[in-house]
Amino acid sequence: DFVRNKKAVSKDEQIQILDMMDVMDMQHSGKEMNFTLDLARQYGIDLDEIDVCRMLLAMRYNGFGSGIYLHFAMFNHDVNGNSIKFQPEINNEESKQKQGSKGYGCYSEVRTTKFVKRGESLTLDYLIPREQSYAMKRRHLWDQHRFDIGSLNSLPDLNLREMYLVNGQCPPSSRDNVDRDADTYHVESALKELEEQHNEIKITWSLLARLKDEGEDALKLFEHSKAMGEATFELLTATQNKLINPNHILLIQCCRLYLDCAEIALEMGVRFASHFSSTSFGPIGGNLIMANFVTTCHKLLSLQIKYLGNEHPDVARSYHDLAGMINAMITQCPDSLYGCGIEEYSVFGKCQRIEAKYSSEFRRIDALYPKDVENKIEEYRSSI
């Protein structure tokens, strides 16, 4: 109505609706728009460009991975959200077959990650990844959703605010611009570049593993994956030193990326150990990667609990990863585990007890997130 009838609008309506409609029009005009309008006419649907831009804007502001939902659209953003959304996942042929017949894996879910009092709002962190510098969060939320979260000083949770500090200070931020000279910007740029390289390695390795390729290309990829892990581990150390904050939010991203790199390198190492005249990968680099994995995951776990609490699925994953690696090192290279510099892992008995504790915590938290939306929908359909 604002656009068609040229009604007077408030400043917020101008910013959040009219300006963004112009952006949608610029981004999706031309062939894409004409194709959409032609398709609508074929099915007898009366649409014009304003209608299409309005739908695109609704998807931009309120869409989930599997569509737009009436009640999900009411979730507001919070830097310290109390809920998490699960995107639809199709991981195997059985799931794909179920998707075709029953809609399996087609739905988004939202579950709380903390205790929520009656009457308290349910909130989400709109950004992916959620672990971004405050300046980047503020800029992205303004750019994508057209609301301003204000400066870091306005964040009421002092424990959370601490995780964004640089050298003990609240770094400046702006809704309109990103400071490309900021230390956090340099770290996030490096993370983005390394994540892109990791994704390329992951895709290539997935293909080569299926083909059971152990030729020169596969060995080069293995060396690349080890170098990636080393670079990411160095970035983790450099980030902590540069930001002078052992609990900075970006360290979570650094830790998680290193663990992902290490997992692929270890998987490749098991496959290719014979090419290096060794019966196992451990003595030729695997033991060091495993030890770094344990120390990094231990650091990640403490950061996640501080940031997310002890009931979050990301915390469950870290408990699971850490328990699994401790178990593997007890079997394969116990001395490397005992010598990693963490008191809880310094002797066999302590390692056994902490592994059991971590495994138990994983099962406890995992049970809080059953991901049973398909079953609930089937039950609802059967009842009507």
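**Close-up 1. Surroundings of Glu131.** Leaving aside residues up to four places away in sequence, Glu131 touches Ile249, Leu250, Ile252, Gln253, Tyr307 and Asp314, where contact means heavy atoms within 4.5 Å. Glu131 sits in the loop between strand E4 (123-124) and helix H6 (134-145); helices (H or I, at least four residues) and strands (E, at least two) are DSSP runs, numbered from the N terminus. With a relative accessible area of 8%, Glu131 is buried (buried means under 20% relative accessible area, exposed over 50%, partly exposed in between, with a 1.4 Å probe and protein chains only). This is a predicted model, in which local features need pLDDT of at least 70 and side-chain atom pairs count only at pLDDT 80 or more, whereas totals for chains, interfaces and linings use all residues. Residues are numbered from 1 along each chain as its sequence is written, and side-chain values use heavy atoms, with hydrogens and water left out.

**Close-up 2. The Arg41 and Asp38 pair in helix H3 (residues 31-42)**. Arg41 forms a salt bridge with Asp38, their closest N and O atoms being 2.3 Å apart; a salt bridge is a side-chain nitrogen of Lys or Arg within 4 Å of a carboxyl oxygen of Asp or Glu. Arg41 is exposed at 53% relative accessibility, while Asp38 is partly exposed at 36%.

**Close-up 3. The Arg364 and Glu361 pair in helix H14 (residues 348-366)**. The side chains of Arg364 and Glu361 meet in a salt bridge (3.0 Å, N to O), and the two residues lie 3 residues apart, about one helical turn. Glu361 counts as buried at 14% relative accessibility, whereas Arg364 is partly exposed at 32%.
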